[in-house]
Amino acid sequence: MKAIIYKTYGGPEILQETDLPIPEVTPGTVLVRLFATSVNPIDWKIASGHYRPFMRARFPQIPGFDIAGEVVSVGMSVTGFVPGARVHARLTESVSSAQYALVEANELVLIPESMDFATAAALPLAGMTALQALRKGGISSGQRVLILGASGGVGHFAVQIAKAAGATVIGVCSNRNIAFVESLGADQVIDYGAPDPYLNFPLCDIIFDCVGPYSSTWLKHLKDGGRYVSVLPSPALIFASLNPFSRKKVIPVMLKSTAADLTILNDLATSGKLKATVQHFPLDQLRNAWELSISGRAVGKIVVDIG
């Protein structure tokens with residue numbers, strides 16, 4: 001099978017195409033023919049060595065965690081999946097930039113009939129991150145929610161999930177992406193590059209920071225009892241979250257991939273409440289896809305089509 005790997009830490013230049021044996025099924029696993037994956041910042045952060053103290057690459061490493069494809073074969077004791085079934089997942093192991101992947105059966109969810117592979121690949125990691133972060137923030141109808149990085153992969157899902165929950169959503173992005181964030185349903189969009197963008201800004205119930213790094217200055221925009229939620233860990237964020245006296249909570253969120261949450265996202269998508277905006281790259285241009293992600297200028301999700 002064709003795969004993209006890297007053999008040392010570094011930037012996009014370390015990616016190289018190679019041929020690898022197709023994995024063989026084992027008890028409890030499913031062999032999936034991949035048609036799409038997606039790029040997430042964690043992919044190139046692992047490759048850079050940024051997460052080396054607690055998430056080391058295993059060379060040669062195949063990058064990528066999101067998959068969308070068709071079942072080829074199933075191992076002994078696997079139930080609920082048959083050859084030809086369309087499936088997707090956010091994997092616990094980085095293996096998705098290849099034509100085939102061997103997956104634990106309990107990680108997989110069936111793709112709804114009306115969903116294409118690009119959407120199925122875009123949803124898992126970024127969608128579950130947005131869903132779980134807003135849940136940790138206590139999202140509910142009538143709340144005022146500020147989303148920093150509203151035009152990005154996680155952020156553009158968060159805007160839609162918060163709206164589906166009945167919240168008033170304020171998105172923050174660059175001037176060039178204002179119309180896009182408005183099209184997602186945001187009630188208000190703030191250009192972070194404008195002079196004094198938060199002057200006379202009403203207090204919020206939740207701030208969901210998809211950009212980072214953490215700064216205590218955001219707390220002045222929260223109501224008492226409000227919550228600042230971030231999926232970008234840092235020592236400052238962890239320290240702030242341990243303050244037992246603050247009436248404004250700081251909450252770090254680490255993604256926990258679950259079939260139940262991916263099913264919630266599928267239901268939102270099939271009901272028309274959640275749409276993935278994607279930018280496409282072929283597998284042999286994964287280096288270019290990483291460069292776009294690193295630039296911070298990607299709009300929506302970067303999806304990699306696997307031929």
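**Reading the fold and its cores**

Analyst: Keep in mind that this is a predicted model. The chain exposes about 13,800 Å², and carbon and sulfur atoms supply 54% of that area.

User: How many helices and strands are there in the chain?

Analyst: The chain holds 8 helices and 15 strands. Its radius of gyration is 20 Å, close to the 19 Å that the globule rule gives for 307 residues, so the chain is as compact as a globular protein of that length. The C-alpha trace spans about 60 × 40 × 40 Å along its principal axes.

User: What share of the residues is buried?

Analyst: In soluble globular proteins, nonpolar side chains tend to be buried together. Here, buried residues make up 55% of the 307 in the chain.

User: Which residues touch the most other members of the largest nonpolar core?

Analyst: That core has 50 residues, and Ile 147, Phe 157, Ile 161, Phe 208 and Leu 265 touch the most other members. Elements giving two or more residues to this core include strand 8 (144–148), helix 4 (153–164), strand 11 (204–209) and helix 7 (259–270). A second, separate core of 40 residues includes Ile 42, Ala 89, Leu 108 and Ile 302.

User: What is Ile 147 in contact with, leaving aside its neighbours within four places in sequence?

Analyst: Its contacts include Gly 155, Ala 158, Val 169, Val 172, Phe 208 and Cys 210. For the chain, residues 24 or more positions apart account for 66% of the contacts with a separation of 6 or more.

Definitions and conventions. Residues numbered from 1 in each chain as written. Predicted model: local features only at pLDDT ≥ 70, side-chain atom pairs only at ≥ 80, totals over all residues. Heavy atoms only, no water. Helix = DSSP H or I, 4+ residues; strand = E, 2+ residues; numbered from the N terminus. Rg over C-alpha atoms; globule rule 2.2 N^0.38 Å. Buried < 20%, exposed > 50% of the residue type's maximum accessible area, 1.4 Å probe, protein only. Contact = heavy atoms within 4.5 Å. Areas by Shrake-Rupley, 256 points an atom, 1.4 Å probe, with all protein chains shown as cover. Core = buried A, V, L, I, M, F, W, Y, C linked by side-chain atoms within 4.5 Å.
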